[in-house]
Amino acid sequence: MPIHTETRTLLTIVTEGVVENLLLADLDRLGVRGYTITNARGSGAHGLRDANWDAATNIRVEIICARAQAENLIEFLREHYFANYAMVTFLHEVEVLRPEKF
Amino acid sequence: MPIHTETRTLLTIVTEGVVENLLLADLDRLGVRGYTITNARGSGAHGLRDANWDAATNIRVEIICARAQAENLIEFLREHYFANYAMVTFLHEVEVLRPEKF
Amino acid sequence: MPIHTETRTLLTIVTEGVVENLLLADLDRLGVRGYTITNARGSGAHGLRDANWDAATNIRVEIICARAQAENLIEFLREHYFANYAMVTFLHEVEVLRPEKF
Amino acid sequence: MQLDPVILFFLFGLAAGLLRSELKLPAALYDSLSIVLLLAIGLKGGEGLAQQALLPLLPQIGAVIVLCLIQTLLAFAILRGPGRFERADAAATAAHYGSVSVATFAVAVAWLAARGIAFEPQMAILLAIMEVPAILLGIILARGIRRETDWGKLGHEAFLGKGVTLLLGGMLIGWIAGPEGLAPIKGVFFDLFKGVLALFLLEMGLIVSRQMVELKRSGPFLIAFGLGMPLCSALLGLGVGTLLGFSTGGLTLLATLAASASYIAVPAAMRLAVPEAKPAISLAASLGVTFPFNILAGIPLYHWLASTVNRG
Amino acid sequence: MQLDPVILFFLFGLAAGLLRSELKLPAALYDSLSIVLLLAIGLKGGEGLAQQALLPLLPQIGAVIVLCLIQTLLAFAILRGPGRFERADAAATAAHYGSVSVATFAVAVAWLAARGIAFEPQMAILLAIMEVPAILLGIILARGIRRETDWGKLGHEAFLGKGVTLLLGGMLIGWIAGPEGLAPIKGVFFDLFKGVLALFLLEMGLIVSRQMVELKRSGPFLIAFGLGMPLCSALLGLGVGTLLGFSTGGLTLLATLAASASYIAVPAAMRLAVPEAKPAISLAASLGVTFPFNILAGIPLYHWLASTVNRG
Amino acid sequence: MQLDPVILFFLFGLAAGLLRSELKLPAALYDSLSIVLLLAIGLKGGEGLAQQALLPLLPQIGAVIVLCLIQTLLAFAILRGPGRFERADAAATAAHYGSVSVATFAVAVAWLAARGIAFEPQMAILLAIMEVPAILLGIILARGIRRETDWGKLGHEAFLGKGVTLLLGGMLIGWIAGPEGLAPIKGVFFDLFKGVLALFLLEMGLIVSRQMVELKRSGPFLIAFGLGMPLCSALLGLGVGTLLGFSTGGLTLLATLAASASYIAVPAAMRLAVPEAKPAISLAASLGVTFPFNILAGIPLYHWLASTVNRG
Ligand SMILES: Nc1ncnc2c1ncn2[C@@H]1O[C@H](COP(=O)(O)O)[C@@H](O)[C@H]1O
Ligand SMILES: Nc1ncnc2c1ncn2[C@@H]1O[C@H](COP(=O)(O)O)[C@@H](O)[C@H]1O
Ligand SMILES: Nc1ncnc2c1ncn2[C@@H]1O[C@H](COP(=O)(O)O)[C@@H](O)[C@H]1O
Ligand code: NA
Ligand code: NA
Ligand code: NA
């Protein structure tokens with residue numbers, strides 16, 4: 001018996017650790033119901049962020065939601081975060097169980 | 001020369017840190033040959049799990065395997081974990097190198 | 001208004017923590033413009049790597065880039081890392097914002 | 001009355017948490033502090049045991065096991081009966097109260113030390129022993145004695161959990177090394193004890209502050225239980241301690257141990273063995289009510305009761 | 001002249017970083033050390049305050065707030081005028097210099113202690129107070145007084161950041177507990193102070209070494225600013241301290257506080273409130289130039305100035 | 001004979017690991033402890049060097065480099081010949097044995113201190129020096145002297161690895177600051193030394209217990225090598241030390257250094273430079289056999305040999 005899954009969008013945001021609280025408050029206001037965060041380090045257009053001290057930490061935030069909401073979130077990030085923060089966002093479709101959770 | 005890849009399923013499980021040993025024993029019994037774990041925090045239906053102390057940590061487990069096995073694992077998780085633990089699972093297809101590893 | 005995204009390849013490498021500096025130097029030489037690293041633990045053909053001490057740590061490296069470059073990188077890893085290091089690599093397509101970053 | 005500075009650290013952490021300060025202690029620091037505390041308590045106990053016969057301990061061990069089981073049953077009855085909790089929640093919470101809190105014990109030890117009150121060295125052994133029985137009984141209360149329960153594995157986990165391992169290991173080292181053997185490591189384990197405890201309680205304050213939200217949701221019954229249960233348990237502890245002929249210091253500690261509720265070993269064990277129990281309930285009571293009550297008001301009260309009993 | 005060993009640890013970290021050694025301190029260790037330092041400074045200050053009247057502090061608090069605001073405005077004027085910095089960068093960097101560095105303060109305290117020079121206990125309070133005003137003024141300088149700025153939230157963050165919380169909490173504990181109350185926790189917070197500071201400065205050296213790259217890019221103006229600004233600020237601090245009638249030790253510390261530039265609280269606040277400011281600029285100046293200058297040359301200089309003033 | 005408590009901590013960790021206890025030390029704690037130990041050893045050595053001429057050290061440095069190279073070659077010959085190991089595995093394992101273990105050295109220092117036996121202060125320098133040559137020789141043994149090997153980078157890594165950096169940095173600080181300069185940081189680095197070592201060895205016990213599985217797989221030859229090689233090396237070390245005219249304490253330490261096998265710096269270096277070598281083999285021998293043998297039986301034995309030699 002094949003399991004039942006539905007498709008949702010997984011939005012991943014890699015950004016500076018310092019914005020965590022601000023970003024989570026924004027996500028909350030935009031109706032996000034769940035997210036997962038891991039500590040990260042990395043490199044990109046804003047240079048090396050090797051997590052060697054507070055100002056150089058990254059976080060990696062994952063949000064599973066409907067496609068429309070993911071686009072909403074991205075629109076918001078583009079407006080409020082893209083210009084001034086080290087940030088990379090990407091998305092792809094995933095199959096979820098218990099679709100009512102997302 | 002294009003590289004040779006094959007398709008496998010990547011199953012991601014986000015759940016409470018406290019179940020790590022139990023879950024790994026179960027995965028082992030179900031024939032999982034490899035997995036990757038990162039420490040995580042997050043929020044969802046079971047509230048905020050901000051990893052501020054032992055009872056509030058999350059883990060993020062990734063398992064690359066054949067589609068059939070991923071469905072098997074999900075079936076098992078649904079039966080034994082879904083009801084009582086903070087847990088989110090999702091899957092998507094990935095291309096792997098050295099397919100004999102998975 | 002739907003957001004504008006482009007497709008890139010996300011290459012994920014899970015390998016031993018001890019090679020981090022070596023690997024980053026190699027990626028740099030191969031023209032990688034950005035990456036994200038998280039600390040990880042896991043299990044696979046090289047046995048349990050539970051991060052309980054330095055020799056047993058894993059890292060999880062993500063690189064978003066053009067398909068061709070991802071294949072290049074894999075070719076390089078296959079030649080220089082696959083035989084002797086605990087390593088798993090996989091890839092899948094993702095939609096990115098600001099495609100000029102990748 | 002002068003407040004002990006370690007209590008002030010707890011209150012500071014609590015206030016910082018309630019005011020939503022950004023103060024956080026690194027998880028590794030909290031972990032490290034708890035390892036040093038557990039080892040220090042074990043070493044101190046073992047050092048004392050090295051100077052006395054061990055055989056008389058056996059009946060004491062038996063007595064405290066019975067004490068723990070009675071407490072667990074009592075808590076279960078209260079939570080199931082008047083509390084109308086679901087079976088799993090009542091069993092899991094009862095297990096918390098039948099077990100003990102090392103942090104509470106450490107505060108009581110510091111309280112006694114500050115007043116120069118001696119106590120029996122075997123209290124560290126009893127502390128280690130008292131962590132375990134309520135876990136096993138709690139599981140039985142939740143699910144009955146079933147075939148598929150893997151008691152071997154459960155016992156292994158209960159006895160080889162971090163807390164019990166460190167206490168027993170420390171005790172063994174202290175017992176073998178004796179006072180002169182321990183002298184060169186006194187710096188870390190004894191001289192820094194109170195400072196380490198202070199930092200540890202700062203984090204405890206932060207953790208407790210996070211339970212307050214849950215507490216509001218759970219309502220007055222859980223608060224009443226979190227205050228009343230330690231009082232009953234303390235009386236039981238005093239009774240058992242009197243039967244065992246403990247000194248006033250020993251009585252105070254045994255009452256404190258009985259009154260204390262676990263918030264580390266038991267939650268983890270229950271999460272795995274009785275997953276349908278809601279951990280938020282047990283922790284709100286044990287961390288949000290009983291822990292602060294014990295260290296702020298309970299310990300002096302139990303000591304007063306112990307002196308009364310021993311004078312009587 | 002004999003170099004203090006804590007300074008040697010800083011130089012060692014700096015050298016290790018510049019030589020690209022693989023030396024790294026775990027983030028949790030650095031965090032833990034800074035928590036102990038902040039608490040120790042607070043406890044020590046509170047212990048002193050317990051022995052004196054608090055009312056005379058009010059005008060001192062007012063005076064240092066004014067001092068911080070003047071410093072911020074001065075720095076902003078220099079950076080905008082001759083420096084030709086963009087408004088946001090100038091405002092954010094000015095806020096760093098109008099605020100203070102706890103590490104610099106700790107080195108100055110150790111420097112005075114090694115020479116047996118006493119100072120007013122309220123310096124710890126002034127340290128906590130001086131962290132905040134420049135943050136708020138920096139934001140106003142960057143964006144004007146706008147409707148949509150959430151000042152409540154900003155104030156909350158400024159006053160309940162980790163540093164201020166630990167300093168004020170430690171002070172309160174020290175004030176309530178007093179010298180005898182603190183005696184049992186002296187081991188961790190006072191006896192180990194200099195060793196903890198040494199390890200902390202080792203990591204500071206590593207962090208500073210990473211700023212050197214950025215510094216090369218920013219050019220001579222930023223270096224000149226990083227050297228000149230603390231000198232101006234120190235003179236302002238000496239002036240205010242003289243008006244307040246401080247002892248030579250107190251004058252030295254106030255000059256050091258004024259001369260010091262924040263590298264923890266302010267960068268984090270500016271990153272959120274003035275995101276268009278480039279953090280690399282402020283940090284290169286504050287960490288790459290001003291911090292080493294202050295601990296290597298500034299503190300003895302400020303002390304010499306303070307003694308001259310107080311003799312004059 | 002009385003067992004040192006730090007050894008008891010090691011045995012405790014070993015037992016906890018073998019019994020599959022859930023005991024774990026946070027990685028950051030282990031890291032922090034090792035940083036403090038390395039700095040303390042360096043500081044102590046530098047403090048001693050401050051009181052003597054440095055020129056006579058040059059021949060000693062030359063002698064221990066030769067000692068390390070001989071040990072490496074001997075180990076390689078044994079592993080390739082009778083052991084029938086593959087070239088890469090033999091070379092990598094030989095490099096472990098040609099290098100040194102700081103933890104073993106620290107235990108020996110504590111052992112001598114507990115017995116009031118003095119030793120030459122330069123042992124800390126020799127320790128730092130002896131970490132390196134076997135790494136370079138091991139690489140040559142594995143792959144010959146090839147064009148593409150980046151010796152500059154390898155040398156950089158060998159000399160600027162964490163261990164060597166901290167030892168040399170600590171020594172330099174101790175040398176500049178001298179005994180009075182170090183007095184205020186004695187609290188962290190000297191008074192807590194043995195307690196820090198005890199906690200460190202607890203984690204070492206846990207780590208060693210994990211090697212036992214591998215050891216079973218590798219069979220008796222590796223165990224025999226892990227016991228015999230340190231004995232040969234200790235004799236070589238005694239010989240060199242006698243030629244250099246060392247005191248009994250110095251002889252004991254040099255024999256211990258020679259007998260000890262690396263388990264941090266060398267594994268990491270070999271993993272990168274000789275990736276085809278299987279790390280499990282080298283670590284099973286060095287951590288699973290040689291380390292416990294040295295701290296449990298080797299050190300007293302080497303001291304006995306050293307006293308015999310020096311009396312003879
Ligand atoms: N091409 C990339 N692939 C994966 N992660 C990236 C990439 N570029 C940037 N990142 C991550 O995103 C963070 C911010 O990127 P940036 O804004 O480009 O500096 C970096 O610190 C990396 O962690
Ligand atoms: N929509 C979501 N997107 C990403 N992660 C989620 C989401 N919902 C929940 N999670 C993660 O899964 C954990 C358990 O989820 P839950 O069972 O819904 O409480 C949370 O603590 C989060 O880390
Ligand atoms: N099937 C798998 N799924 C997810 N991660 C894996 C899998 N196999 C191996 N890994 C990860 O890759 C690392 C190296 O794998 P290996 O080379 O197979 O030992 C392991 O330590 C795991 O973290
Ligand atoms: Na109890
Ligand atoms: Na300033
Ligand atoms: Na050796």
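What share of the 102 residues of chain A counts as buried? In this predicted model, 61% of them do, where buried means under 20% relative accessible area, exposed over 50% and partly exposed in between, with a 1.4 Å probe and protein chains only.

Residues are numbered from 1 along each chain as its sequence is written, while chains are lettered from A and ligands numbered from 1 in the order in which they are written. Local features need pLDDT of at least 70 and side-chain atom pairs count only at pLDDT 80 or more, whereas totals for chains, interfaces and linings use all residues, and side-chain values use heavy atoms, with hydrogens and water left out.

**Chain A**

Chain A holds two helices and five strands, arranged along the sequence as β-α-β-β-β-α-β; helices (H or I, at least four residues) and strands (E, at least two) are DSSP runs numbered from the N terminus. The C-alpha trace of chain A spans about 50 × 30 × 20 Å along its principal axes. Contact means heavy atoms within 4.5 Å, and of the contacts in chain A between residues at least 6 apart in sequence, 76% join residues at least 24 apart. Chain A exposes about 4100 Å², of which carbon and sulfur atoms supply 51%, the areas coming from the Shrake-Rupley method with a 1.4 Å probe.

T38(A) belongs to strand β2 (residues 35-44) of chain A, and L235(E) to helix α12 (residues 220-243) of chain E.

| Residue | Relative accessible area | Class |
|---|---|---|
| T38(A) | 4% | buried |
| L235(E) | 52% | exposed |

Leaving aside neighbours within four places in sequence, T38(A) is in contact with residues of chains A, B and C, including N58(A), R60(A), T38(B), R60(B) and T38(C). For L235(E), the C-alpha atom is separated by 29 Å from that of K162(E), which is 73 residues away along the chain.

Helix α9 (residues 162-182) of chain D spans only 22 Å between its end C-alpha atoms, whereas a straight helix of 21 residues would span 30 Å at 1.5 Å a residue, the expected span being 1.5 Å times one less than the number of residues. α9(D) bends by about 65° at I176(D), with a proline, P179(D), following within four residues; the bend is the angle between axes fitted to the seven residues ending at a residue and the seven starting there.

Chain B does not touch chain E, their nearest C-alpha atoms being 14 Å apart, and chain B does not touch chain F, where the corresponding separation is 10 Å.
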